[in-house]
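Here's a quick briefing to go with the model.

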Amino acid sequence: MRCKKGLGLLLALLLLLLPVMPAFADSQPEIRNIILLIGDGMGPNHLTLAREHGVDLFMDKNANAYGFSRTRSADHEVTDSAAGGTALACGVRTLNRAIGTYQNDPAGLIALPVSIAEVAKARGMRTGVVTTDLTSGATPSCFSAHTRDRDNEAQITAQQLASGYDLIWGNEVDKTDRAAVEAAGWTCVSTRQEMEALPVGSRSFGQFTGDTWRTTLDPDGDVPMLAGMTEKAIALLSTNNTKGFFLMVEGAHIDKMSHKTQKNEDGTKDPNYPSKVERAVDAMRGFDNAVRIAAEFAAKDGHTVVLVTADHETGDLRPENGVMTYHSGSHTGVNVPVLVFGPKVIEDGEVLDNKEIPARLAAVCGWDKNAFPAARTVSDVLFGDVDFDGSVSAGDARLTLRRSVGLEDYGEETLPFLVSDVDFDGIVTAGDARAVLRASVGLEEPSVWRAGYFARTAG
Ligand SMILES: [Zn+2]
C-alpha cells in the first residue's frame, strides 16, 4: 500500500513537472550571434571617470550582469594587448607580443590556437572585425591572424586578406596596396560614405584615413566613428542570415588616450593633463555608443549575446582627493569589467580568467565542447602555403621556385624554413617547389613535411 501511495505521489509530481519542462526549454532562445566589444585599456575606474565627466554611460547601467576578468599573460603579471587579445580570441594565455600563438610554441612550429572568429567562420557564420586602431593592431590581429610578434604587420595583413571574413575595418595600415587588396577579392573602403554604401554580401576591407574619426569631440563627416561602424557591420552581418555571425568591435583609443595622460611611464603628468583626460573620456563615450548599438540590436533580435570587456587596464586610474586620477602611463594588472547583454554568460560579481570568456560565448551558442578552444596543426596552414591564402597550390610552388633563385624576397619577417623549405634541408630549392606542387594536386601530404621536421630536430 505504502509503495503504491508513493508511486501515485511521484506520478502526480511528474504530471506537475511535465508542462513546465517544455516551457523552460522555450524560454532559452537559440543564440546564433556573438558580439564581443573590447574597450582596450578599460578598467572599472574608466567607467567612473566617464561618469565624473558627465557621460551618461549606457553600458553598466543596462547590462544583465557585471563581473570581472583577470588579465595576466603567460609570462607577465601585466599583459599587453597581444597576449590579452589572444586570450579573448583563442581562449589561451600566451606571451606578451604574441598574436594567436601558444606560449610554448610562439613561432607556431607545431600548432596554432584557433580563434573564436575562425571557428565561427568555419561554421558558416558571417564574421567581422572592427577597430579604431590600424587593422593590423594587436587586438584585431588576434581575431584574424597568427604570428609570434605583433609588429609583423605585412604577415598580419596577408593573413587577414586570406581569412575569408566578411569585413575587417580599421585605420589604414602604412603602404597598404589598395589594388592588391581588391585583387584578393575585397572591396577596399576608406571613407564613411563608401562604408555605408556597402551592400549585403560584400567582402570589405576598411582602410580609413584621418585622425578625427576616432573621437566624438571633433568628428569628420568623411570618416566613420565606432558606433556608425558597429551599426553598419551588424546590418551587413545580420541581414538575410540564418547561420548567425561573430563580430568583434574594439575601442582602441581608451588605451591610446590613457597612455597619453602621462608624459613619462613613471607617472609624470603631461602638461596638458586635463585635455588629455578629456580625450580618454571621449574615447569612453565613443565606445559606449558602440555598446549601445550592439545591445539594442541584441534586445530586438533575441538571438544575440553581447559581451563587453577589456584586454587590460591602462593608466592606473584611482581616486585622488575624490577625483579619478591617472597614476601611470602604462598598463596595469587590475581586473577589468565584464558586462553582458542578452543571455547571462557570467554571474553578477563573478571573477573569471580572460581566457574563459570566448569559451563561455561558444558554450552559450551551443557549440560542441571540442569546437572551442581548439588547436590546428600548422601543416595545414603554413607549411608550403607561402602566400597564406589557406591552401597549398601551384601558386605557392611558383613563389617557392622564384625565391629559390632569388627572384622574390621572403618578406621582412616570414620564417623561410617554415614557409617554403618544406623538406627541411636548410635551403629553399626547386625540390621544395616540386613538393609544394605535388601537394597542390594531392600527390603529397603536407603532414609528411612536418614529420620530416620532427625527424630532423629529434636527432
Ligand atoms: Zn596600451
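**Overall picture**

Of the contacts in the protein with a separation of 6 or more, 68% are between residues 24 or more positions apart; two residues are in contact if their C-beta atoms, placed from the backbone, lie within 7 Å. This is a predicted model, so local features need pLDDT of at least 70 and side-chain atom pairs count only at pLDDT 80 or more, while totals for chains, interfaces and linings use all residues. Residues are numbered from 1 along each chain as its sequence is written.

- The protein has 18 helices and 16 strands, where helices (H or I, at least four residues) and strands (E, at least two) are DSSP runs numbered from the N terminus.
- Buried residues make up 52% of the 459 residues; buried means 20 or more other C-beta atoms within 10 Å of the residue's own, with C-beta atoms placed from the backbone.

- Ten strands make an open, mixed sheet, in the order 6-7-5-4-8-1-9-14-2-15; two strands pair if DSSP finds at least two bridges between them.
- At the edges sit strand 6 (187-189) and strand 15 (351-353), each pairing on one side only.
- On average, neighbouring strands are turned by 20° against each other, direction ignored.
- Helix 11 (residues 226-238) packs on this sheet and touches strand 1 (33-39), strand 4, strand 5 and strand 8, with its direction at about 175° to that of strand 8. Axes are lines fitted to C-alpha atoms, for helices over the stretch in contact, and angles run from 0 to 180 degrees between N-to-C directions.

**Strand 4**

- Nine of the nine residues of strand 4 (residues 126-134) are buried, so the strand is largely enclosed by the rest of the structure.
- Strand 8 (residues 245-251) pairs with strand 4 in the parallel sense over six bridges, and E250 in strand 8 is the bridge partner of T131.
- Strand 5 (residues 167-171) also runs parallel to strand 4, joined by four bridges; here L134 stands opposite N171.

**Helix 3**

- N45, H46, L47, L49 and A50 are the buried residues of helix 3 (residues 44-52).
- Those residues pack against several elements, including helix 4 (59-62), helix 12 (253-259) and strand 14 (336-341).
- Helix 3 packs on helix 13 at about 100°, with the axes 9 Å apart. That makes the two helices roughly perpendicular, a label for angles of 65 to 115 degrees.
- H46, L49 and A50 of helix 3 meet V281, M284 and R285 of helix 13.
- Just after helix 3, G54 takes a positive phi of about 85°.

Note on methods:
Buried ≥ 20, exposed ≤ 12 C-beta atoms within 10 Å, placed from the backbone. Parallel < 35°, antiparallel > 145°, perpendicular 65-115°, else oblique.
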